[in-house]
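The following exercises ask the reader to examine a protein structure step by step. Each task is followed by a worked solution.

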Amino acid sequence: MDRIVTVGRRKASVARVILSEGGTGKFIVNKREFANYFPIDLDRLKILAPFRVNELSNNNFDIQVNVNGGGSTGQAEAVRLGIARALEKVNEEYRPPMKAAGFMTRDARVVERKKYGKKKARKSSQFSKR
């Protein structure tokens, strides 16, 4: 049983994914059950998307994830990138469909920092001519 370790990042979230081939479909996230850690259906669909694109069953793999930082969406997309990178290491033929679906690219968009003299990153106080 091979163990593949990969990292996925998104916004402020970092996910360390350990994928084991020939498993029983066990999916643990931060020592909790997958469905328990990600209660929102959309997040679960995002995470399992690399398996759907390659027409694989996640029951053939044991997945253990350690994820921290950010919110639920950022964490879900970080886990998705980690799983996509791990599946690529399992078999190179899985890469083209995942690349076409946009799962192999690290989304570099992060929150812009707040600037001094402004209320938020870009929001200013109202300008008064007189």
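Two strands pair if DSSP finds at least two bridges between them. Helices (H or I, at least four residues) and strands (E, at least two) are DSSP runs, numbered from the N terminus. The structure is a predicted model, in which local features need pLDDT of at least 70, side-chain atom pairs count only at pLDDT 80 or more, and totals for chains, interfaces and linings use all residues. Residues are numbered from 1 along each chain as its sequence is written, and side-chain values use heavy atoms, with hydrogens and water left out.

**Exercise 1. The sheet**

Task: Determine the order of the five strands in the open sheet, and describe how E1 and E2 pair.

Solution. 

Step 1. The order in the open sheet is E1-E2-E5-E3-E4, and the pairing is mixed. Strand E1 (3–10) and strand E4 (32–33) are the edge strands, each pairing on one side only.

Step 2. Eight bridges join E1 and E2 in the antiparallel sense. Arg-9 has Val-14 in E2 as its bridge partner. Two residues lie between the strands of this hairpin, where Lys-11 takes a positive phi near 55°.

Step 3. E2 also pairs with E5, again antiparallel and over eight bridges. Here Arg-16 stands opposite Asn-66 in E5.

Step 4. E3 and E4 run antiparallel and are joined by two bridges. Val-29 stands opposite Arg-32 in E4.

**Exercise 2. The nonpolar core**

Task: State which residues have the most contacts inside the largest nonpolar core, and which element gives the most to this core.

Solution. 

Step 1. The terms come first. Buried means under 20% relative accessible area, exposed over 50%, and partly exposed in between (1.4 Å probe, protein chains only). A nonpolar core is a set of buried Ala, Val, Leu, Ile, Met, Phe, Trp, Tyr and Cys residues joined through side-chain atoms within 4.5 Å.

Step 2. The largest nonpolar core has 27 residues, and Phe-27, Ile-63, Val-65, Val-79 and Ile-83 have the most contacts inside it. Two or more residues come from each of strand E2 (13–21), strand E3 (27–29), helix H1 (34–37), helix H2 (41–53), strand E5 (61–68) and helix H3 (72–90). H3 gives the most, with seven residues.

Step 3. Consider Val-79, taking contact to mean heavy atoms within 4.5 Å. Apart from its neighbours within four places in sequence, Val-79 is in contact with Ala-15, Val-17, Phe-27, Phe-38, Ile-47, Val-65 and Val-67.

**Exercise 3. Aromatic pairs**

Task: How many aromatic pairs does a search of the whole structure find, and why does the pair of Phe-51 and Phe-61 tie together separate parts of the sequence?

Solution. 

Step 1. Rings of Phe, Tyr and Trp (its six-membered ring) pair if their centres lie within 6.5 Å; planes under 30 degrees apart count as stacked, over 60 as edge-to-face and the rest as tilted.

Step 2. The search finds four aromatic pairs. In one of them, Tyr-37 and Phe-38 have ring centres 5.0 Å apart and planes at 80°, so this pair is edge-to-face. Tyr-37 and Phe-38 are both buried.

Step 3. The ring centres of Phe-51 and Phe-61 are 5.7 Å apart and the planes are at 40°, so this pair is tilted. Because Phe-51 lies in helix H2 and Phe-61 in strand E5, the pair ties together parts that are 10 residues apart in sequence. Phe-51 and Phe-61 are both buried.

Step 4. One aromatic cluster is formed by Phe-27, Phe-34, Tyr-37 and Phe-38.

**Exercise 4. Salt bridges**

Task: Give the count of salt bridges, and examine the one between Arg-44 and Asp-41.

Solution. 

Step 1. A salt bridge is a side-chain nitrogen of Lys or Arg within 4 Å of a carboxyl oxygen of Asp or Glu. By this rule the count is eight.

Step 2. In the salt bridge of Arg-44 with Asp-41, the closest N and O atoms are 2.2 Å apart. Arg-44 and Asp-41 are three residues apart in helix H2, so about one helical turn separates them. Asp-41 is partly exposed, its relative accessible area being 48%.

Step 3. Asp-107 forms a salt bridge with Arg-109, with the closest N and O atoms 2.8 Å apart. Asp-107 counts as partly exposed at 25% relative accessibility, whereas Arg-109 is exposed at 57%.

Step 4. A network of salt bridges links Arg-10, Lys-46, Glu-77, Asp-107 and Arg-109.
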